[in-house]
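Morning, everyone. One structure today, in a few minutes. Please bring it up on the screen.

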Amino acid sequence: MKKIVKIAGIIILFVVVLAAAAATYISVALPDVGPAESLTIEGTPERIERGKYLAWSVSVCMDCHSTRDWSKFSGPIVPGTTGKGGERFDQSVGLPGVFYSRNITPEGLARYSDGELVRVITTGVTKEGVAMFPLMPYPNYGKMDREDVYSIVAYLRTLEPIASEVPRSKPDFPVNILIHTMPQKADPQKRPDASDPLAYGKYLTGISGCAECHTPFEKGKSLREFSLSGNREFRLPDGSVVRSANITPDPMTGIGKWTMAQFVSRFKNYSDSAFVLPVVKPGEFNTIMPWTMYGSMKEDDLKAIFTYLQSVNPITKKVETFSTGK
């Protein structure tokens with residue numbers, strides 16, 4: 001019996017040492033996405049204009065990297081906070097830790113070269129070589145056309161600098177170790193021509209992060225087999241819970257019966273100059289969907305996204321969109 005206990009102890013010790021060695025290797029050797037490029041991005045008017053469009057209307061960088069006013073419908077950005085970062089995302093929305101959006105104004109990015117900024121956007125590895133949790137969908141941005149990435153960088157350099165101290169993100173165990181394995185080398189794809197709405201719509205859907213919010217999320221990761229079927233939960237500041245909609249072409253629970261005109265107008269209604277965001281009281285329906293931002297997307301781009309969404313696998317899933325925190 002003593003011999004068995006001794007052998008068991010040796011095995012357990014071996015496993016512990018092996019696990020510690022693996023954790024050390026992962027923490028020290030990874031992430032390995034290669035060095036940042038040595039490049040200088042010229043801030044041409046065309047690039048800045050394109051970058052502004054992407055940052056506000058497509059990839060909506062400003063949505064997470066600014067302060068949002070949850071007393072109004074869809075949480076519009078508080079004036080004077082554009083790009084300052086500091087928004088908290090934690091276990092209340094199913095994340096394995098506490099994460100903060102970074103300051104992406106020139107004040108926060110001054111230490112970054114253009115190449116380092118391209119690398120962090122497309123691989124999730126900071127200037128210091130630290131791995132970021134893919135709350136920012138850098139796996140998607142890693143497939144973005146390189147010129148679009150350059151345009152975003154050029155635009156970010158033009159933002160009004162804001163001094164803002166942002167807390168350090170703290171992933172829970174074991175994600176604090178596994179996070180080192182998450183960044184991958186970028187795989188930039190050429191932006192499809194708009195004359196091919198299916199391919200172009202797929203590209204826009206990816207860099208818009210549609211699947212990030214409209215896919216169920218459990219134990220720190222998206223359930224990709226149910227991609228775009230909705231039901232991801234987001235807790236609002238008042239304790240209410242809003243769930244993303246099913247945007248697959250299922251005719252009963254998704255957008256299978258929608259026309260392209262209905263889809264486009266659903267967004268464009270929020271960009272109408274006559275529309276005023278209503279005040280929302282605690283407990284009343286609200287949403288994290290930045291309707292006014294996506295509503296400023298070009299109609300042809302919205303049409304391309306709709307074309308792509310109609311091509312994906314329809315999934316039947318009814319979603320209870322909203323429930324109070326009571």
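**The pocket, the cores and one glycine**

Let's start with the second largest pocket: α9 gives the largest share of its lining, six residues. This is a predicted model, where local features need pLDDT of at least 70, side-chain atom pairs count only at pLDDT 80 or more, and totals for chains, interfaces and linings use all residues. Residues are numbered from 1 along each chain as its sequence is written, and side-chain values use heavy atoms, with hydrogens and water left out.

A pocket here is an open set of points on a 1 Å grid over the protein atoms alone, where a 1.4 Å probe fits, with protein on both sides within 12 Å along at least five of seven lines; lining residues have an atom within 4 Å of a point. The volume of this one is about 410 Å³. Of its 19 lining residues, K202, Y203, T205, G206 and Y308 are closest to the centre. By type, the lining has nine nonpolar, five polar and five charged residues.

Buried is under 20% relative accessible area, with a 1.4 Å probe and protein chains only. This core has 56 residues, and M62, L156, L204 and L309 touch the most other members. Helix α7 supplies the largest share, seven residues. Another core, of 12 residues, lies apart from it and includes V93 and F133.

Last, G239. Is G239 buried or exposed? Buried, because its relative accessibility is 17%. G239 sits in the loop between β6 and β7. Its C-alpha is 4.4 Å from that of G325, 86 residues apart along the chain.

Technical notes
Core = buried A, V, L, I, M, F, W, Y, C linked by side-chain atoms within 4.5 Å. Buried < 20%, exposed > 50% of the residue type's maximum accessible area, 1.4 Å probe, protein only. Helix = DSSP H or I, 4+ residues; strand = E, 2+ residues; numbered from the N terminus. Points joined across faces, edges and corners; volume = space filled by probe spheres on them. Nonpolar A, V, L, I, M, F, W, Y, C, P; charged D, E, K, R; others polar.
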